[in-house]
Amino acid sequence: MNDSMNDSMNDSMNDSMNDQPVSLSRADRRKFEKAMRRAPRAGRQKPKRSDLPLRLIPWNIHGVWAPLDRILAKLEIDGTAEYSGGEPVLYDPGTNDWHNSAQAIRGIAEFYEVAARRKGWRGVQTEPITRFARLLELDDEITQQDIDDVRACSIVLRKLAGALTLREARAYLDETCIKIEVEKAGLTESAA
């Protein structure tokens with residue numbers, strides 16, 4: 001009987017001890033707090049640069065349009081475009097090199113066509129830019145109306161570009177470059 005009484009007393013004492021909060025020593029509490037500070041928390045992650053909309057990093061948009069703006073300004077000032085070896089050229093200070101301006105301008109138009117198709121933008125007009133590139137390439141007369149059309153078109157396209165993220169813009173640029181290289185190689189259906 002004594003044994004059964006002792007067991008029941010021990011059980012009741014254990015139950016009452018489990019009901020009591022456990023107090024940690026100062027050292028254990030510090031270890032616990034330090035571990036909690038290190039534990040990852042489900043919080044808001046800082047967005048990566050590639051996930052930022054281009055309207056927050058406008059120098060990327062400006063870098064695309066600056067060469068075309070320089071060509072338009074030169075045409076308005078003295079009515080000339082730079083040619084080398086029969087091709088229209090532009091100087092790119094970023095690469096410290098000369099590029100075919102008609103191809104670069106056509107590339108801008110194709111970039112926005114790809115972006116419009118992928119993003120579902122309706123009514124995106126790139127014809128004034130494509131026409132301007134063709135006029136440069138053929139060394140045809142470029143009128144003030146052509147310049148005004150390109151400027152009006154560029155305003156709309158720049159605003160649309162602000163809605164793209166840097167990651168999307170890079171993907172569309174890659175797609176545009178691939179499309180241009182395929183066309184150069186003559187691998188498109190229209191070339192066959």
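## About the model

This is a predicted model, in which local features need pLDDT of at least 70, side-chain atom pairs count only at pLDDT 80 or more, and totals for chains, interfaces and linings use all residues. Residues are numbered from 1 along each chain as its sequence is written, and side-chain values use heavy atoms, leaving out hydrogens and water.

## The overall plan

The protein chain contains 7 helices and 3 strands. Here helices (H or I, at least four residues) and strands (E, at least two) are DSSP runs, numbered from the N terminus.

Among the 192 residues of the protein chain, 27% are buried. Buried means under 20% relative accessible area, exposed means over 50%, and partly exposed lies in between (1.4 Å probe, protein chains only).

Strands pair if DSSP finds at least two bridges between them. Strand β1 (residues 83-84) runs antiparallel to strand β2 (residues 87-92), and 2 bridges join them. Their hairpin has 2 residues between the strands, and G85 there takes a positive phi near 65°.

Next, β2 pairs with strand β3 (residues 97-100), again in the antiparallel sense, over 4 bridges. Y91 stands opposite W98 in β3. This hairpin has 4 residues between its strands, and N96 in the turn shows a positive phi of about 60°.

## A closer look at helix α7

Helix α7 (residues 166-185) has 20 residues, which should span 28 Å at 1.5 Å a residue; its end C-alpha atoms are 28 Å apart, so the two agree. The expected span is 1.5 Å times one less than the number of residues.

Which residues of α7 are buried? They are L166, A169, Y172 and T176. These residues lie on the same side of α7 because they cover an arc of only 125° around the axis. An α-helix has 3.6 residues a turn, so residues three or four places apart point the same way. The cover over the buried residues of α7 includes α3 (58-78) and α4 (101-119). On the other side of α7, I178 and A185 are exposed. Just after α7, G186 has a positive phi of about 75°.

## The cysteines

How many disulfides does the structure hold? The count is 0, where a disulfide is a pair of cysteine sulfur atoms within 2.5 Å. C153 counts as buried because its relative accessibility is 8%. C177, with a relative accessible area of 40%, is partly exposed.

Methods
The arc is that of the directions from the helix axis to the C-beta atoms. Contact means heavy atoms within 4.5 Å.
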